[in-house]
Amino acid sequence: RALITGYDARYKDAGLTCESEEEWFRLPVVNPATGCSSRTFTQLGCYDGIVSHAGRRFLLEHKTTSEQIADPNAVYWRTRTIDQQVSMYALANWQSSGKIDGTIYDVIKKPTIRPKSIPKGSPKADRLAAWGTQQEIVRFGTYCGFDVPVDESRTTETPDLYEMRLTADTLDRPAVYFQRRIIPRLDSDILEWANELWDVGQDILAARNNERWYRNSGACSLYGAPCEYLSLCSGHDDTDSDNWESKESSKNTLSHSRIRCFQTCRRKYFYRYEMGIQKAEQEEREALYFGSIFHAALEAWLLTFRKDV
């Protein structure tokens, strides 16, 4: 809620018009050299939104990250210039409804401040000096500038008090938390991606036909957690155990996440999309959970400001 409050304050008057949100597409995978569509694969994805401004149309792509985003030369923004997802969505939009003018990357930085003990503060401090202390609550009935019931015994932040402090921080330092950049794609970039998309499909077919699903040991531990399928690859489990369950999945769909999985580790791709198995009762990682929740919140925000975002 704190981030959405800060996001709204930063962008409610940005002057963008929302044409659609959470728009799915399913399109042929076309060989650029021949113009023929694949008889096996289709491409699948979902635009976070399509917006327009001054007669120009853009894809809107929401992202959450722990990286620094305020500096336009930060590593985060450099990697976005070669992001396959931008290219894939630009190609799909070109195929379905005409060319767009670029992709607006709408990035939200995850907060680093956490709930904490509330300092006592000086009983003689004025409102500004008492900001964020027990004295602010007791003497002024506010915390970080927001109204709060007086509670002289409050020494640690409740979720509500933490929300107030985080909200104040997002309003005070919006550039730290919220950044938008237009990521362009030239026709040559889109054509290059069309060739890569076709080639990935052919590589998957070759792996499937030859039963060659190579491991990549460098991907066994990413994002601070072991791979979901490490126990299978290392021989400590087998696919017939109760630790695994089937999930519905088409083997012939190419999405951004599937392509990235195949390029990261073919054996992982085999388990997840060819066999269609996943860990039984596996909890979603915190980072993915946060991203899913915030995407839902942003979709609700777009619906609220459907005509002017």
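Trp244 counts as buried because its relative accessibility is 8%, where buried means under 20% relative accessible area, exposed over 50% and partly exposed in between, with a 1.4 Å probe and protein chains only. The model is a predicted one, in which local features need pLDDT of at least 70 and side-chain atom pairs count only at pLDDT 80 or more, while totals for chains, interfaces and linings use all residues. Residues are numbered from 1 along each chain as its sequence is written, and side-chain values use heavy atoms, with hydrogens and water left out.

The secondary structure comprises eleven helices and twelve strands, taken as DSSP runs numbered from the N terminus (helices H or I of at least four residues, strands E of at least two). Along the principal axes, the C-alpha atoms fill a box of roughly 75 × 55 × 30 Å, and of the 309 residues in the protein, 43% are buried.

A search of the whole structure finds 16 aromatic pairs; rings of Phe, Tyr and Trp (its six-membered ring) pair if their centres lie within 6.5 Å, and planes under 30 degrees apart count as stacked, over 60 as edge-to-face and the rest as tilted. Two stacked pairs are set out below.

| Pair | Centre to centre | Angle between planes |
|---|---|---|
| Trp213 and Tyr269 | 6.0 Å | 20° |
| Tyr229 and Trp244 | 5.5 Å | 10° |

Because Trp213 lies in the loop between α7 and β8 (221–222) and Tyr269 in helix α10 (residues 266–274), their pair ties together parts that are 56 residues apart in sequence; both Trp213 and Tyr269 are buried. Tyr229 is buried, at 0% relative accessibility.

Arg173, in the loop between α5 (159–172) and α6 (174–177), is partly exposed at a relative accessible area of 36%. Arg173 and Gly6 are 167 residues apart in sequence, and their C-alpha atoms lie 9.2 Å apart in space.
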